[in-house]
Amino acid sequence: MGQPTHARNTDWWRSAVIYQVYVRSFADGDGDGVGDLAGVRARLPYLAELGVDALWFNPWYLSPMKDGGYDVADYRAVDPAFGTLAEAEKLIAEARELGIRTIVDVVPNHVSDQHAWFRAALAAGPGSPERELFHFRPGRGAQGQLPPNDWPSQFVGSTGPVWTRLPDGDWYLHLFTPEQPDLNWAHPAVRREHEDILRFWFDRGVAGVRIDSAALLAKDPDLPDLGEGRDLAGGRDPHPFVDREELHGIYRSWRAVADEYDGVFVGEVWLPDPERFARYLRPDELHTAFNFSFLACPWDAASLRTSIDTTLAEHAPVGAPATWVLCNHDVTRTVTRYGREDTGFDFATKAFGTPTDLALGTRRARAAALLSLALPGAVYVYQGEELGLPEVDIPLDRIQDPMYLRSGGTAPGRDGCRVPLPWAAGEPYAGFGSHEEPWLPQPADWPSYAVDRQQTDPDSMLHLYREAIRLRPRFGDGPLTWLPASEGVLSFTRANGADGAVCVVNLATAPAELPAHTRLLLASGPLDHRGRLPQDTAVWLRV
Ligand code: GLC
């Protein structure tokens with residue numbers, strides 16, 4: 001309030017609602033079974049009505065799609081399955097006209113094995129300068145038949161090694177699939193190229209960049225063994241490939257590029273140590289990073305409160321806003337997770353056939369939506385979260401995710417949260433837009449979640465998200481203050497003065513009395529007959 005427009009504009013990301021678009025599964029504009037940019041352009045009014053400030057697009061670049069586009073063959077081209085570069089430019093401009101900014105996803109740790117650099121490196125042979133852009137090494141053992149070190153795959157549950165041997169004897173490093181060779185970030189050409197890629201997209205009007213696997217780029221040049229018992233979390237001792245000091249220099253120069261455009265970064269930084277995490281958010285580094293500790297947090301009042309407090313405390317010294325994330329394209333859908341016995345998220349424990357109570361999970365997810373949208377900072381909403389979509393059991397022969405394929409069939413992988421969206425209940429493929437079966441099959445009950453059904457239903461998840469996004473500014477921009485509440489109840493305000501809103505979430509079995517208020521702004525579910533807040537329900541109150 002009262003701020004000059006300019007200040008408001010450059011600070012938009014501090015409190016934005018950012019909607020994640022997994023293009024392949026959002027909307028199919030040309031009917032071929034795969035979502036595309038035409039589909040997104042046609043649905044921009046839906047996103048504007050939802051009220052989001054920005055869209056984060058998962059990679060839309062030219063890719064053989066061995067890992068859903070996280071295997072990039074050309075960062076300056078759009079994959080023909082999605083559209084063209086000209087169309088991406090139109091989409092960015094059209095969204096902006098509706099007041100919606102665009103964030104693209106850059107994948108600096110690795111490229112596709114079809115990328116021109118890697119093809120040149122293969123052709124040039126051992127010892128060539130082309131191979132210096134990657135991590136090529138001779139093997140160990142008398143014949144070089146053993147991989148150069150003992151690093152484990154970054155796809156949890158994956159049985160495959162992180163080294164692949166070529167017919168010429170050299171091995172190359174890939175923390176993910178063999179089709180995703182890791183770049184050598186000690187090489188100046190790699191740094192130059194990525195700064196150029198950032199400019200390429202900022203020049204096309206994008207407002208921000210999500211940085212994939214942001215804590216993995218830098219490697220110990222000796223590529224030493226990890227050794228027994230060493231975890232993958234990074235930490236205070238230099239780790240051979242997680243959270244290395246060199247990364248901060250890389251991101252400082254990225255920041256200088258972004259600053260020329262008022263561009264912003266959001267890093268995919270999975271680090272359990274809050275202090276190490278916050279180092280990426282120092283004023284001359286990344287603007288924001290995803291809050292995975294909140295995402296993974298179980299549905300439990302004490303754990304959530306600790307997660308919120310830790311988050312705010314770790315961000316405060318560096319002056320960065322927190323982000324609040326309940327799910328994304330890699331993790332179990334919220335309504336499914338919250339309906340399980342174990343309501344936390346962990347790749348390592350993800351298993352086929354885990355039972356869930358979807359009605360319970362949905363009730364909790366509705367409350368969680370009001371909780372996260374009331375907290376100070378930016379909120380990410382993953383497509384379909386606003387529809388309350390559950391995780392889907394994909395028939396085994398239709399799973400495409402390498403996490404499943406490389407686990408020897410034990411890890412379910414991530415396709416269950418990537419099912420094409422239902423737009424219209426009465427249309428083929430729930431209105432996704434395809435003339436033929438979409439790339440991932442939709443379950444039989446998908447039409448019941450369709451946008452057109454939810455649009456007219458005041459009790460729908462879509463309605464709740466729309467109202468919450470519309471009313472969210474009522475909380476003001478003050479810091480969070482916890483209010484007294486009984487055990488199992490979270491109650492807080494962000495009011496600076498007398499006027500403001502209070503969020504109350506009841507996770508206890510007993511119904512909770514509401515604090516004094518002048519108006520009920522929004523509720524995730526009905527109050528009981530005595531006006532009390534039932535278990536797994538949240539309200540926003542005006543006080
Ligand atoms: C990130 C992405 C994930 C991808 C991986 C490798 O974790 O979110 O989808 O598989 O990086 O690029």
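## Lining of the largest cavity

The lining of the largest cavity is made up of 7 nonpolar, 3 polar and 2 charged residues. Ala, Val, Leu, Ile, Met, Phe, Trp, Tyr, Cys and Pro count as nonpolar, Asp, Glu, Lys and Arg as charged, and the others, Gly among them, as polar. The model is predicted: local features need pLDDT of at least 70 and side-chain atom pairs count only at pLDDT 80 or more, whereas totals for chains, interfaces and linings use all residues. Residues are numbered from 1 along each chain as its sequence is written, and side-chain values use heavy atoms, with hydrogens and water left out.

The residues that line this cavity are L326, C327, R333, T334, V335, A365, G384, E385, G388, L389, M461 and Y465. Two or more of the lining residues come from each of helix 11 (334-337) and helix 15 (461-471); helices are DSSP runs (H or I, at least four residues) numbered from the N terminus.

## Cavities and their volume

On a 1 Å grid over the protein atoms alone, a cavity is a set of points where a 1.4 Å probe fits but cannot get out, while a pocket is an open set with protein on both sides within 12 Å along at least five of seven lines; lining residues have an atom within 4 Å of a point.

## The second largest pocket

The second largest pocket holds about 1000 Å³ of space. Its lining comprises 40 residues, with V269, W270, L271, F292 and F347 nearest the centre. By class, 22 of the lining residues are nonpolar, 9 polar and 9 charged.

Helix 8 (274-278), helix 9 (292-296) and helix 10 (301-315) each give at least two residues to this lining. Helix 10 supplies the most, with 4 residues.

## The ligand and its surroundings

The ligand takes up the space of the second largest pocket (more than half of its atoms lie within 2 Å of the grid points). Around the ligand are 14 residues, the closest being D67, D212, E268, H329 and D330 (each has a heavy atom within 4 Å). This shell divides into 3 nonpolar, 4 polar and 7 charged residues.

An N or O atom in the side chain of H110 is 2.9 Å from an oxygen atom of the ligand, and for S213 the corresponding distance is 3.3 Å. A polar side-chain atom of R414 lies 2.9 Å from a ligand oxygen atom. The protein covers 95% of the 310 Å² of accessible area that the ligand has on its own (Shrake-Rupley method, 1.4 Å probe).

Key
A polar contact is a pair of N or O atoms within 3.5 Å; within protein, one must be able to donate a hydrogen and the other to accept it, and residues adjacent in sequence count only if both atoms are side-chain atoms. Grid points are joined across faces, edges and corners, and a volume is the space filled by probe spheres set on the points.
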